[in-house]
Every structure is written in C-alpha cells, then in structure tokens.
Amino acid sequence: MPTVSGHGQGEVPSPAMVRMTDTLLASPDRLLICERLRAGHVPGPGEWCTHPAHVGRPEHHPCPIVRLMNLVEGLAGRGHAA
Ligand SMILES: [Zn+2]
C-alpha cells in the first residue's frame, strides 16, 4: 500500500485511490470485487474498523477501503460504467 503523507487526507481521494476506482468501474466483476474488498471492514468498539488489514495502523470506520467502495458504488450508480 502506498503511504500518503504531507497531503490532507480529508474527503479527497488520493491518486492511487482514483486509479483503483477507475479500474473497478471498468471491471465487469466490480460488484464481486467490491464485496470481497469490503468484507470484514465493519465498525468495532470505539468505531475502529475491525479488519485485520488495519492491525498496527488502526483506522476509524468507515476506513479508506469502505470509503473507496462507497465512492465506486456512488460513481457506478450515476451511470459512469455499464
Ligand atoms: Zn477497514
């Protein structure tokens, strides 16, 4: 995973996330991939995402993965793909 530092991490997706979004939107397996990527990314105690991917680097839920999936689904829902 690329590390992002020195840039505001607000609601603006990083270039890597934008590329991944484009890739997912162009993929016929988008829904399946999104489902798999999102699996396990659920809020736990203190609203921390419980997915093991965040071990050692906790992320609040919704974590960047969930936000990315929401972004992809939002774009797809607007008829960007298909
Ligand atoms: Zn997560």
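How close do the axes of H1 and H3 come, and at what angle do they cross? The axes of helix H1 (residues 15-26) and H3 come within 10 Å and cross at roughly 50°.

**View 1. The whole chain, a predicted model with three helices and zero strands.** Since this is a predicted model, local features need pLDDT of at least 70 and side-chain atom pairs count only at pLDDT 80 or more, while totals for chains, interfaces and linings use all residues. Residue numbers start from 1 along each chain as its sequence is written. Going from the N terminus, the order of elements is α-α-α. Helices here are DSSP runs of H or I with at least four residues, strands are runs of E with at least two, and both are numbered from the N terminus. Of the 82 residues, 9% count as buried. "Buried" takes 20 or more other C-beta atoms within 10 Å of a residue's own, "exposed" takes 12 or fewer, and "partly exposed" is in between, with C-beta atoms placed from the backbone. Among contacts with a separation of 6 or more, 49% join residues 24 or more positions apart. Two residues are in contact if their C-beta atoms, placed from the backbone, lie within 7 Å.

**View 2. H1 against H3.** With the roughly 50° crossing, H1 is oblique to H3. Axes are lines fitted to C-alpha atoms, for helices over the stretch in contact, and angles run from 0 to 180 degrees between N-to-C directions. Angles under 35 degrees count as roughly parallel, over 145 as roughly antiparallel, 65 to 115 as roughly perpendicular, and the rest as oblique. The crossing of H1 and H3 is right-handed; that word applies if the near helix is turned clockwise from the far one by less than a right angle, and left-handed if anticlockwise. From H1 come Met17, Met20, Thr21, Leu24 and Leu25, and from H3 come Leu68, Leu71, Val72, Leu75 and Ala76. Sort the residues of this contact and you get nine nonpolar, one polar and no charged. Nonpolar covers Ala, Val, Leu, Ile, Met, Phe, Trp, Tyr, Cys and Pro, charged covers Asp, Glu, Lys and Arg, and the others, Gly among them, are polar.

**View 3. H2 packed on H3.** H2 and H3 have their axes 9 Å apart and pack at an angle of about 160°, so they are roughly antiparallel to each other. H2 passes H3 in a left-handed crossing. On the H2 side, Arg30, Cys34, Leu37 and Arg38 meet Ile65, Val66, Met69, Val72, Glu73 and Ala76 of H3. That contact has seven nonpolar residues, no polar and three charged.

**View 4. The largest nonpolar core, with Val72 as one of its residues.** A nonpolar core is a set of buried Ala, Val, Leu, Ile, Met, Phe, Trp, Tyr and Cys residues joined through C-beta atoms within 7 Å. This one has six: Leu24, Cys49, Cys63, Ile65, Leu68 and Val72. H3 gives the most, with three residues. In soluble globular proteins, nonpolar side chains tend to be buried together. Val72 sits in helix H3 and is buried, because 26 other C-beta atoms lie within 10 Å. Skip its neighbours up to four places away in sequence, and Val72 touches Thr21, Leu24, Leu25, Arg30 and Cys34. Val72 and Met17 are 55 residues apart in sequence, yet 9.9 Å apart in space, C-alpha to C-alpha.

**View 5. Leu71 in helix H3 (residues 64-77).** Leu71 counts as partly exposed because it has 19 C-beta neighbours inside 10 Å. Leaving out residues up to four places away in sequence, Leu71 touches Pro13 and Thr21. The C-alpha atoms of Leu71 and Thr21 are separated by 7.6 Å, though the two are 50 residues apart along the chain.

View 6. Most residues other than glycine have a negative phi, and most peptide bonds are trans. Glu47, not a glycine, has a positive phi of about 65°. Glu47 counts as exposed because it has 9 C-beta neighbours inside 10 Å. The peptide bond from His61 to Pro62 is cis, with omega near 0°. Thr50 is partly exposed, with 14 other C-beta atoms within 10 Å. Beyond residues up to four places away in sequence, Thr50 touches Val42 and Gly44. Thr50 and Gly40, 10 residues apart in sequence, are 7.0 Å apart in space, C-alpha to C-alpha.
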